[in-house]
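Look at the sequence and the model below.

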Amino acid sequence: MSCQTQKKVFYIELLRVVAAVAVIAIHVLGPYRYLMGEIPQGDWVSAIAINGASRWAVPVFIMITGALLLSDTRPFSPGYFVRRRVMKVFVPFVAWSVFYAVLAGISLQNVNWTETVQRLASFPTEETYYHLGFFYYFIPLYLLVPILRPVAQRDDPGLFYALLGAWFVLSAARLAGILLGLVEDLVLYGGYLMLGYVLHQSKLPLKWLLFIGISALVATEYTAISESVSNGRYTSAGWFSYKTLNTVLIAAMVFGLCQHWAERVSEPMQRKVTAVSRHSLGIYLVHPIFLWPVRELAFTPGMTWLTIPLVTLAVFVLSYVASVGLSKSRFTSWLVP
């Protein structure tokens, strides 16, 4: 393996870790969003600022998938792809959906099996727990891989860049409030596959990624906070969506930053990050277990600029340990692929 390839592989590992941390932060701060006027304004603004600064996490997970799968030059085998890629994610998703349907019916006061049954009944179209909604738009993206991969690997990249450009226009339209109907998720999330591939193949100048990313982040934070203050209640005004142009630009910046940081990480640290990265999906799947008591107790302490990162770190570590533990047994390792 060449030195360049090692760096490319490692920055992907780094991206997985930082994205997993950011996702947990979004879920830790979730209850704070609706406490406007009930907690000090500084605490509320800090929570919203952390939220806005973390919205790139889910898009980056999709970009990683695009970077790896669209650049794969091996002959495409539908059977292998479904067995090794799709089912590897789909089967744990189903199992965890059942688990979290049960957890959703449990509170500190009682056990509500009616809630569990209702969530299981709606499982085909609606997630049984808040973090599992990701899989409802992520798994269908696998349908795009055999279509986009030959387009991406053509000698003439014209069609691919035309599709990418069209996606940028559509994500800008989505920010303006224009809906795309039934194909919205597939199209707007699918574009991240292409963006991940492009950034993986050619590293863009960091100064430009920083300029557009920070500009988009400032606009995102300002709009969401100012609109909420004006309305007297929390609203993201559409700027915290995963499918809008501002989030696209911020995600591209984070992707580029990790590409550049990866070159400066020492070998011992690379090994540690890679070990954690292998459990990124497991961390994503199990972390709400450790947030359950926090939410049940309505634990929303002040100094959010400090407590949210600290709770995020604690949940991340516990989730990593749990994922490692599950992976050690052949009976449970499939739950945390």
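This is a predicted model: local features need pLDDT of at least 70, side-chain atom pairs count only at pLDDT 80 or more; totals for chains, interfaces and linings use all residues.

Q: Why is Met87 called partly exposed?
A: Buried means under 20% relative accessible area and exposed over 50%, with partly exposed in between (1.4 Å probe, protein chains only). Met87 has 35%, so Met87 is partly exposed.

Q: Which residues form a nonpolar patch with Met87 on the surface?
A: They are Val82, Phe90, Val91 and Trp334; together with Met87 they have about 410 Å² of accessible area.

Q: What makes a space a pocket rather than a cavity?
A: On a 1 Å grid over the protein atoms alone, a cavity is a set of points where a 1.4 Å probe fits but cannot get out; a pocket is an open set with protein on both sides within 12 Å along at least five of seven lines. Lining residues have an atom within 4 Å of a point.

Q: What is the volume of the largest pocket, and which residues are closest to its centre?
A: The volume is about 950 Å³. Of its 32 lining residues, Arg16, Leu68, Arg85, Lys88 and Tyr142 are closest to the centre.

Q: How many residues line the second largest pocket?
A: There are 22, with His27, Arg55, Tyr130, Tyr137 and Tyr242 nearest the centre; the volume of this pocket is about 500 Å³.

Methods:
Residues are numbered from 1 along each chain as its sequence is written. Side-chain values use heavy atoms; hydrogens and water are left out. Patches are made of residues with over 30% relative accessible area and no salt bridge: like charges are joined within 9 Å, nonpolar side chains (Val, Leu, Ile, Met, Phe, Trp, Tyr) within 5 Å. Accessible areas come from the Shrake-Rupley method with a 1.4 Å probe; for residues, only the protein chains shown count as cover. A salt bridge is a side-chain nitrogen of Lys or Arg within 4 Å of a carboxyl oxygen of Asp or Glu. Grid points are joined across faces, edges and corners, and a volume is the space filled by probe spheres set on the points.
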